[in-house]
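This briefing concerns pockets and salt bridges. The structure is shown first, and the points follow by topic.

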Amino acid sequence: AMNEAAKKYEVSVNCGLLKVPMVNHLIWTQLGVTASTQDLKFQKVPKLLSAGLTAFATVDKGHMTEAHQDALGLLCSAIFKMNNLRRSAIRPAINPKLAALCKPSRTQPPNLLFGEDLAERVKELHEEAKTIGFIKTSGKTGKRVFPYWRGTMTDAGEG
């Protein structure tokens, strides 16, 4: 019943940020059945919210009170947070070195959940990991340094 009602209120072209972003193909193809099924279930909530927002906006025909505007803003925020939760839920299913991709976004992705520049971001994370690995290993000499003398009293001539 709810899906039928939602179909009546397709998100218009000029409201692209209300569309539920798809998972980027590069990530989607690597997800297991459990993670992809879970994401498909998570997509239902923002889809219903988007349809509800579209229906709400068409009823008022531009005569919105402050309460109407607040309601729209809160519902849009719920969609945004749900998409960030989708990213977090995908995190365990991807390479741990790429976990930073799943951090909450500051902006709503219009078409793809992980943004249009996924390949570039993966390269940046790879370079960052190499740099961090270099920094961690470049200072090691293999010898332990003792900055203070740890002799005995007899070594100091008092014994």
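Helix H1 (2-7) and H3 each supply at least two residues of the lining of the largest pocket. The model is predicted: local features need pLDDT of at least 70 and side-chain atom pairs pLDDT 80 or more, while totals for chains, interfaces and linings use all residues. Residues are numbered from 1 along each chain as its sequence is written, and side-chain values use heavy atoms, without hydrogens and water.

**Largest pocket**
- A pocket is an open set of points on a 1 Å grid over the protein atoms alone, where a 1.4 Å probe fits, with protein on both sides within 12 Å along at least five of seven lines; lining residues have an atom within 4 Å of a point.

**Second largest pocket**
- The second largest pocket has a volume of about 150 Å³.
- H5 provides the largest share of its lining, three residues.

**Salt bridges**
- Two salt bridges are counted, each requiring a side-chain nitrogen of Lys or Arg within 4 Å of a carboxyl oxygen of Asp or Glu.
- Asp-39 pairs with Arg-86, the closest N and O atoms lying 2.8 Å apart.
- This pair links distant parts of the chain, helix H3 (residues 33-60) and helix H4 (residues 66-90), 47 residues apart.
- Glu-127 and Lys-130 form a salt bridge at 3.4 Å, N to O.

Methods: Helix = DSSP H or I, 4+ residues; strand = E, 2+ residues; numbered from the N terminus. Points joined across faces, edges and corners; volume = space filled by probe spheres on them.
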